[in-house]
Amino acid sequence: MKLKNHDAVLEPVNCIFGWSFFLANEPKSSFWALNEEEGEEDESDDEDDDSGTDHFNIEKSGTQLQRCERHGGVNSSLPDTFQTSHLLFYERFKAYQDYMLGDCKPSEVKAFTADYLEKVVEPCDWLALWSTDVFDVLVEVHDVDFKDLKACVRLVLPLQCDTRGCELTEEAMKSLLEATQDKVPLQKLHVVYERSGDFDQTALALEHLRFFYEQIWRQWDEEDEDDDFDYFVRCVEPRLRLYYDILEDRVPAGLVAEYQSLLENCSQCFQQFSVLRSSLSTDSDSELDNVSMVEGLKLYDQLETYKRKLHIIENPLLRYVLGYKGNARQQCAQSRGPRGSGIKVVHVVTASCSTIQLQSLLSDRLLPLCSFEDTEIQFHRDLVSAVDLCHQGDVVIVLPGVYCVSSSILLPDSITIEGFGLPDEVVIEKKNKGDSFVESTGVDVRLSNIKFIQHDAIEGILCVRQGALNMENCVLQCETTGVIVRTSAHLTMNMCDLYGSKGAGVEIYPGSVCRLVGNGIHHCKDGILIKDFADEMDAMPSITMDNNVIHNNEGYGVIVVKPNNGEQHRVPLGGIEGRSSSESESELCLLPSRFLHPRGIRAVPDLDHQIFVSIQGNQFRRNGMGDFGTFFY
């Protein structure tokens with residue numbers, strides 16, 4: 001099997017919230033600069049040549065990599081190394097796809113990697129820092145064992161070393177090297193900076209190796225019984241995209257924490273399973289071995305469960321449709337309850353107001369609300385400070401203006417927030433990045449006459465985690481995702497306008513109650529996403545949809561996510577655009593019966609009336625993939 005260099009331009013790839021990587025518009029950086037001199041002449045010489053060889057035979061005109069300056073302390077004598085850790089997504093993507101891994105299977109990863117390194121890494125006579133958690137020491141590489149991904153090294157004398165929390169002498173380092181037969185893993189070596197450019201490719205190759213085994217490779221990847229699939233397509237690309245989505249704050253912090261926890265649990269489970277498996281005797285029928293076999297089966301099932309959950313998070317489409325249970329950090333806002341004094345407060349939010357506005361506010365809202373002695377009025381310049389001082393039963397009145405907020409708005413108490421004017425006159429805008437914009441957990445929260453403008457609020461413009469939210473006559477201008485109704489939460493949304501979500505306009509979770517009446521939901525990825533995958537702990541969602549206009553969405557007007565019950569027929573995916581039949585069949589292992597459409601969705605004419613309490617008077621117009629669809633997973 002040979003690697004091939006694919007010169008096709010990478011298509012923009014939509015991630016979970018719609019971001020794309022447009023490679024043509026990216027600035028050139030180290031990897032392209034070192035490899036862009038490939039041309040038609042190289043290809044015409046011999047198309048069947050082993051891939052990657054010609055790409056590294058470039059004329060050297062000095063290093064094109066940056067220097068990574070060391071900060072090891074005043075007494076550190078270690079030299080600087082090459083700066084290679086800040087590579088862009090497409091640089092790593094191209095390196096793994098075109099040069100290092102190609103179309104290898106999991107069992108072939110090490111052999112393909114060794115072949116790649118042998119082509120580009122200098123075999124001897126270069127300096128590097130051998131870096132561990134305990135020390136950094138300068139060594140000279142005098143040979144490379146590519147098959148085992150190790151380098152034969154010797155200490156540079158006199159000893160040049162930085163330690164962390166210990167003291168190491170020359171004799172101790174020599175003893176350590178002797179114990180390892182003078183071999184250290186290549187991924188632990190950082191090439192010493194050198195201006196000639198002779199070692200640029202070596203430094204980059206070791207960076208790709210190091211990143212791969214630290215961020216992409218999983219120790220259980222080789223254990224997959226189905227080894228006949230393209231490892232880059234199934235594992236490397238989605239994990240690489242997830243790494244950069246996390247790096248660029250495109251994934252909610254709660255989901256990142258859940259992913260890291262799953263990785264740790266899966267690793268521990270795999271270690272336990274491996275130890276138990278190696279202790280079993282193949283020809284023994286002892287009672288102890290039988291007990292171990294039962295334990296092994298339990299560990300295996302647990303391991304498969306962890307792997308499946310990891311795959312769901314790593315796959316952008318599954319991450320979007322299945323989601324996760326929520327961010328515990330964001331649920332920590334506690335309800336303050338009623339004030340001990342029994343006083344109710346009306347909070348007025350305004351930067352400034354005219355005499356006419358004040359007179360109108362007094363006559364229309366303040367006098368009716370403050371007709372009792374147990375009510376007082378407080379003034380605030382921004383909404384967040386007003387909400388942070390609210391207790392149960394308070395009212396917040398927001399006067400016309402544009403109010404920019406830099407943090408999430410948390411609503412743990414039963415309060416009312418209303419705009420004093422039309423929604424387009426009362427604007428709340430979130431500009432900086434964060435997991436959410438508005439978080440509602442109060443028993444009875446009410447919003448009205450406000451326009452919310454979202455920027456980079458990863459988890460949603462508004463999330464009802466628990467309790468009930470009643471929203472009326474509001475405008476929601478999304479940029480990432482829309483309104484989310486979590487399990488056990490209640491949402492009533494009347495006469496609102498929602499648009500611009502790169503996810504679904506409204507996401508409805510199992511066990512929630514959602515009442516949508518007279519709304520416009522448009523220009524989103526999907527209009528309404530209903531997650532009907534209730535387990536024994538959750539009930540099905542209960543939905544009322546009356547007199548809504550759902551139009552101009554990229555996907556479906558309404559899409560229902562369901563677990564596969566075995567009744568759907570498996571559909572060959574060989575005809576799916578952009579996928580080979582082998583790649584498609586491999587995904588069926590996780591998602592049987594997948595789908596008549598490239599997005600994994602098929603249109604269905606009937607609706608589950610157990611979900612819909614009422615559905616009437618709705619209008620569906622110009623939705624890209626139809627009015628209704630079902631996703632089976």
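Predicted model: local features only at pLDDT ≥ 70, side-chain atom pairs only at ≥ 80, totals over all residues.
User: Are R92 and E207 buried or exposed?

Analyst: Use the cut-off: buried means under 20% relative accessible area. R92 has 1% relative accessibility, so R92 counts as buried. E207 has 6%, so E207 is buried too.

User: How many salt bridges does the structure hold?

Analyst: The count is 22. Take another one. E140 forms a salt bridge with R154, and their closest N and O atoms are 3.7 Å apart. E140 sits in strand 4 (residues 135-145) and R154 in strand 5 (residues 150-155), so this pair ties together parts that are 14 residues apart in sequence.

User: Which residues join E314 and R239 in one network?

Analyst: Start with the pair itself. E314 and R239 form a salt bridge, the closest N and O atoms being 3.4 Å apart. The pair links distant parts of the chain: E314 is in helix 9 (residues 287-314), R239 is in helix 7 (residues 231-247), and they are 75 residues apart. Both E314 and R239 are buried. Salt bridges that share partners join R218, D221, R239 and E314 into one network.

User: Now helix packing. At what angle do helix 3 and helix 6 cross?

Analyst: Read the angle, then name the arrangement. The axes of helix 3 and helix 6 come within 11 Å and cross at roughly 100 degrees. Angles of 65 to 115 degrees count as roughly perpendicular. Helix 3 and helix 6 are therefore roughly perpendicular to each other. On the helix 3 side, the contact is made by E91, R92, A95, Y96 and M100; on the helix 6 side, by E207, H208, L209, F211 and F212. By class, the residues of this contact are six nonpolar, one polar and three charged.

User: How do helix 3 and helix 7 pack?

Analyst: Here the angle is about 165 degrees, and the axes are 11 Å apart. Angles over 145 degrees count as roughly antiparallel. Helix 3 and helix 7 are therefore roughly antiparallel. Their crossing is right-handed. Helix 3 brings F89, R92, F93, Y96 and Q97 to the contact, while helix 7 brings F232, V236, E237, L240, R241 and Y244. This contact has seven nonpolar, one polar and three charged residues.

User: And is the crossing of helix 4 and helix 6 left-handed or right-handed?

Analyst: Helix 4 passes helix 6 in a left-handed crossing. The axes of helix 4 (residues 109-120) and helix 6 come within 9 Å and cross at roughly 165 degrees. That makes helix 4 roughly antiparallel to helix 6. The contact is made by V109, K110, T113, Y116, L117 and V120 of helix 4, and by Q201, T202, A205, H208, L209, F212 and Y213 of helix 6. The classes come to eight nonpolar, four polar and one charged.

User: Where is T81 found?

Analyst: T81 is in strand 2 (residues 81-83). Its relative accessible area is 7%, so T81 is buried. Next, check its contacts. Leaving aside neighbours within four places in sequence, T81 is in contact with Q66, R67, C68, L129, H190, V191, V192 and Y193. Also, the C-alpha atoms of T81 and A128 are 7.8 Å apart, although the two residues are 47 apart along the chain.

User: Zoom out. What does the secondary structure of the chain come to?

Analyst: The chain has 13 helices and 35 strands. Of its 633 residues, 49% count as buried. Among contacts between residues at least 6 apart in sequence, 68% join residues at least 24 apart.

Methods: Residues numbered from 1 in each chain as written. Heavy atoms only, no water. Salt bridge = Lys/Arg side-chain N within 4 Å of Asp/Glu carboxyl O. Buried < 20%, exposed > 50% of the residue type's maximum accessible area, 1.4 Å probe, protein only. Helix = DSSP H or I, 4+ residues; strand = E, 2+ residues; numbered from the N terminus. Axes fitted to C-alpha atoms, helices over the stretch in contact; angles between N-to-C directions. Parallel < 35°, antiparallel > 145°, perpendicular 65-115°, else oblique. Left-handed = near helix turned anticlockwise from the far one by under 90°. Contact = heavy atoms within 4.5 Å. Nonpolar A, V, L, I, M, F, W, Y, C, P; charged D, E, K, R; others polar.
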